Amino acid sequence: HYCSKPYKPYEFNSQWEVDSFYSEVEDYKQCIEEFVDDQQSAIRKHQQAAEDAIDEWNSYVNYELN
């Protein structure tokens, strides 16, 4: 993934820094969630393709070789 994790400063000097950091944390979380969702979608597509290939093979064996 290409998500950039925010680094927490040793010390916050203002509320703006705190808010900014937690906004970056939320962006990082969202990026990771989107990456995981995309990967899970790809897994489903690959799994379906594998199942389709197995079905095709089984049909071939049942109807052409028997």
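Predicted model: local features only at pLDDT ≥ 70, side-chain atom pairs only at ≥ 80, totals over all residues.
The protein chain contains one helix and zero strands. Its radius of gyration is 24 Å, whereas a compact globule of 66 residues would have a value near 11 Å. Along the principal axes, the C-alpha atoms of the protein chain occupy a box of roughly 80 × 15 × 10 Å.

Of the 66 residues in the protein chain, 5% are buried. The accessible surface of the chain amounts to about 6100 Å², and carbon and sulfur atoms contribute 51% of that area.

A search of the whole structure identified one disulfide. This bond joins Cys 3 to Cys 31, with an S to S distance of 2.0 Å. Cys 3 is located in the segment before α1 (15-65) and Cys 31 in helix α1, so the pair ties together parts that are 28 residues apart in sequence. The disulfide is left-handed, because the torsion about the S-S bond of Cys 3 and Cys 31 is about -85 degrees.

The two cysteines were also examined for solvent accessibility. Cys 3 counts as buried because its relative accessibility is 13%, which falls under the 20% cut-off. Cys 31, by contrast, has a relative accessible area of 29% and is therefore partly exposed, as this value lies between the limits of 20% and 50%.

Note on methods:
Residues numbered from 1 in each chain as written. Heavy atoms only, no water. Helix = DSSP H or I, 4+ residues; strand = E, 2+ residues; numbered from the N terminus. Rg over C-alpha atoms; globule rule 2.2 N^0.38 Å. Buried < 20%, exposed > 50% of the residue type's maximum accessible area, 1.4 Å probe, protein only. Areas by Shrake-Rupley, 256 points an atom, 1.4 Å probe, with all protein chains shown as cover. Disulfide = S-S within 2.5 Å.
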